[in-house]
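Try each task before reading its solution.

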Amino acid sequence: MEQRLANTLIMTVNEKKFIENALVSDIRVDGRRPFDYRNLTIRFGSEDGSSEVQLGKTQVLAFVTGQLVQPYRDRPNEGSFAIYTEFSPMADPSFEPGRPGDSAIELGRIVDRGLRESRAVDTESLCVIAGKVVWSIRIDLHIIDNGGNLVDAANIAALAALSTFRRPECTVGGEDGQELTIHPPDVREPLPLILHHFPVAVTFGFIGKENIVKAGGDGVLQSVIMQCLRIASVKAGDITSKIKNAVESYNTQRSLRKIKRHNPSSAVSNVAKHHTVREPNSQSVDTNALRASQPSCATPVDKLNEESTQVNPETKSTQQSSDMNSSASTHEVTDIGSPEKQSNTLKDAVKPKHKRRKKSTSNVNAN
Amino acid sequence: MEVDRADGRTPNQRRPVVCTRGVLHRAHGSASWAQGDTKVIAAVYGPKAGTKKNENPEKACIEVIWKPKTGQSGKPEREYEMVLKKTLQSICLLNVHPNTTTTIVIQVVNDDGALLPCAINAACSALVDAGIPLKHLAVAICCCMVESGHVILDPSKLEEQNMKAFVYLVFPNSIISVLPDGSKRPGGEAMEHGIITSVTHGVMAVDDYFSCVKLGRAAAAELSDFVRNSLKLKAGNDPSKVG
């Protein structure tokens, strides 16, 4: 009992009075004006469909995954999606692990209704074989840092993750049109989800005379609601453009990554081996610029700056090991970049050459 | 004979490591640890008053909560929690704060092989960020055995699935002491040659296991230098963490 009390935030009368007095002169505790949003940064993980949103001090992770399942009986042509919300104990000491509490369920329901009832996610495009196989999309929201306004941040995270999620392409074939082949991502490009629009949540707080009141607790005048709606539509447009910009830059990075994988391999087949070493280096400069241009977060981030040491491992002694530490400087990133690309280029280079040599030697032998 | 690895690394090469401390604001200590594409965030709350029912009240209690990326927490998560708890219990000074609970929450952001070592490293950095008293740091590494009998370091997810066997090893970090043989135990063996935790999957011969341990120890020595340097950098810079 005492431990639970110690976990919750108890506000003193002085603090409440201070907040109310500051609001009289239109100043909020962190210096914002009444209708200002905190800094919003949207980052994406290395996999498709994972996003990390930071709204001031609030941090939310969203992961989108897809699975092929049987559809519901009354909707044989539509896929489905479901939202799972986790108030992680790391976000707040008062969040208990285990079953989600009321606020977690409420948050999940708000995000879910926003996407479902406005038909933002196109479920009919998720159908593969009508009545038998459809895609079921699962969205996992993890709240990892509670700095207030979890609903807005979670909604943005869900939208960003949905925009970057790719599902593998399936083709239906076979004699009776029932055979399903799922193409792996390196064979055929995976497809994005179809999102018709972005439902954005904007949260308003009403501070009454005595208590700090959650939106919807006390009675609110109709004119006030209309004002909120007007402000919300402006903010929603703002947030939508931010999400779209972030998704666009992620998509260009993604396509650049794919192009870099293909270009050296196509150029290598005609070029001698010693030339391939230079090409990855010249291209990897672009990846450095891209990595550096990723939106930086507001909190101080500590990354290690260390010289990368490469020790050539002898084949027999296992005690020497080479390591690479990534850092913000460009030199290390190029070192990391080149072996990855070299492996693709060298492999692609070696195979066709050996085939050619074998054919020429066999021809010589035959002659 | 060199083993051909998918991302072009040599058999003894780890993936690049990124360690960030102070990622979260509410948590008392937090760290994010990324080895290549495997990324884990760890948060520490504590020490809080009181221990759980079955725990010894004369010592501090460590509680670990493991949150997977998607899906419900199941048996594999319980196993990870147990391994992490035992490992962290051996590095924490439990007698400094008796009758308290320190909670460590692990959130998997991406799993691309060697997940448990990544989580142990993240948890250790988060504990340092929170200022929990520790005996020494724990440095975790993953070694695996390929079909052809070679030992490789820090496998990715694809490599892990095709392995004959793999082992997660946790070593204490190397000690820099003023006395020349201050780090030696009475037996003459150096402190950092002890193994804190070893988790094996699959079948491997005893000799192979020992060669994995040798390789892991060498890699852990380099990783522990990295950890020490990264933890040193932060200590002087952030005024909000002081006092």
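**Exercise 1.** Leaving aside neighbours within four places in sequence, find which residues N155(A) is in contact with.

*Solution.* Begin with the cut-off: a contact needs heavy atoms within 4.5 Å. In this predicted model, the search around N155(A) then gives V111(A), along with P199(A), V200(A) and A201(A).

**Exercise 2.** Decide whether N155(A) is buried or exposed, and say where it sits in the fold.

*Solution.* First locate the residue: N155(A) belongs to helix α4 of chain A, which covers residues 150-164. Next take its relative accessible area, which is 5%. Buried means under 20%, so N155(A) counts as buried.

**Exercise 3.** Work out how far apart the C-alpha atoms of N155(A) and N251(A) are.

*Solution.* Along the chain, N155(A) and N251(A) are 96 residues apart. Then turn to the whole chain: of the contacts in chain A between residues at least 6 apart in sequence, 71% join residues at least 24 apart.

**Exercise 4.** Describe the span that UniProt lists as "domain: Exoribonuclease phosphorolytic".

*Solution.* Start from the record: an unreviewed UniProt entry gives residues 37-168 of chain A for this domain. Then look at the make-up of residues 37-168, with 23% helix and 37% strand. Finally, compare the ends, whose C-alpha atoms lie 37 Å apart. Chain A as a whole has eight helices and twelve strands.

How values were computed: Residues are numbered from 1 along each chain as its sequence is written. Chains are lettered from A and ligands numbered from 1 in the order in which they are written. This is a predicted model: local features need pLDDT of at least 70, side-chain atom pairs count only at pLDDT 80 or more; totals for chains, interfaces and linings use all residues. Side-chain values use heavy atoms; hydrogens and water are left out. UniProt positions are given in the numbering used here, feature names are shortened, and annotations may be inferred rather than shown by experiment. Helices (H or I, at least four residues) and strands (E, at least two) are DSSP runs, numbered from the N terminus. Buried means under 20% relative accessible area, exposed over 50%, partly exposed in between (1.4 Å probe, protein chains only).
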